[in-house]
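Trainee: I have a model open and would like to go through it with you. Could we take it one question at a time?

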Amino acid sequence: MTAPTPCSIDPESWDLDAGSYRAGLDAQAECLRCPRLAACRREVAELTNAGSPPQSMIWAAVAYRHDGGAILTRRDLRAYYNRSEGQREANRGAAA
């Protein structure tokens with residue numbers, strides 16, 4: 001039996017809608033140490049080639065926006081989390 005991967009133990013840290021910037025950086029670092037990294041990269045390539053890239057998540061150490069576009073720099077990742085947090089706050093306020 002294979003050991004569980006960090007993303008299967010704590011999926012929220014890989015979710016750009018649920019996690020934080022710090023959690024996202026930690027998740028990317030965990031991916032780079034994961035023995036499944038090569039397999040995950042192949043899975044992402046297959047999904048992307050099929051027109052269904054990952055959305056709002058970190059997969060194979062890469063963060064993906066809601067539209068499936070890759071976020072390639074820490075600066076852009078921080079901006080994305082800040083934007084997402086603002087949207088979450090607005091949604092919470094509208095629901096109250």
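Trainee: Which side chain does serine 56 join in a polar contact?

Mentor: Happy to start there, and keep in mind that this is a predicted model, in which local features need pLDDT of at least 70 and side-chain atom pairs count only at pLDDT 80 or more, while totals for chains, interfaces and linings use all residues. Residues are numbered from 1 along each chain as its sequence is written, and side-chain values use heavy atoms, with hydrogens and water left out. A polar contact is a pair of N or O atoms within 3.5 Å; within protein, one must be able to donate a hydrogen and the other to accept it, and residues adjacent in sequence count only if both atoms are side-chain atoms. At 3.2 Å, the partner of serine 56 is histidine 66.

Trainee: Is serine 56 buried or exposed?

Mentor: Serine 56 sits in the loop between α3 (37-49) and β1 (57-59), where helices (H or I, at least four residues) and strands (E, at least two) are DSSP runs numbered from the N terminus. The classes are buried for under 20% relative accessible area, exposed for over 50% and partly exposed in between, with a 1.4 Å probe and protein chains only. Leaving aside neighbours within four places in sequence, serine 56 is in contact (heavy atoms within 4.5 Å) with residues including Trp14, Leu16, Tyr64 and Tyr80. Because its relative accessible area is 8%, serine 56 is buried.

Trainee: Which residues does threonine 5 touch, not counting residues up to four places away in sequence?

Mentor: Threonine 5 belongs to the segment before α1 (6-9). With a relative accessible area of 14%, it is buried. The C-alpha atoms of threonine 5 and proline 35 are separated by 8.5 Å, although the two are 30 residues apart along the chain. The residues that threonine 5 touches are Cys34 and Arg36.

Trainee: How many salt bridges are there?

Mentor: The rule asks for a side-chain nitrogen of Lys or Arg within 4 Å of a carboxyl oxygen of Asp or Glu. One of the pairs is arginine 65 with aspartate 67, at 3.3 Å from N to O. Arginine 65 is partly exposed at 32% relative accessibility, whereas aspartate 67 is exposed at 53%. By this rule the count is four.

Trainee: What is the N to O distance between arginine 22 and aspartate 26?

Mentor: Both residues lie in helix α2 (residues 21-33), four residues apart, about one turn of the helix. Aspartate 26 counts as partly exposed because its relative accessibility is 39%. The salt bridge between the two side chains has an N to O distance of 2.9 Å.
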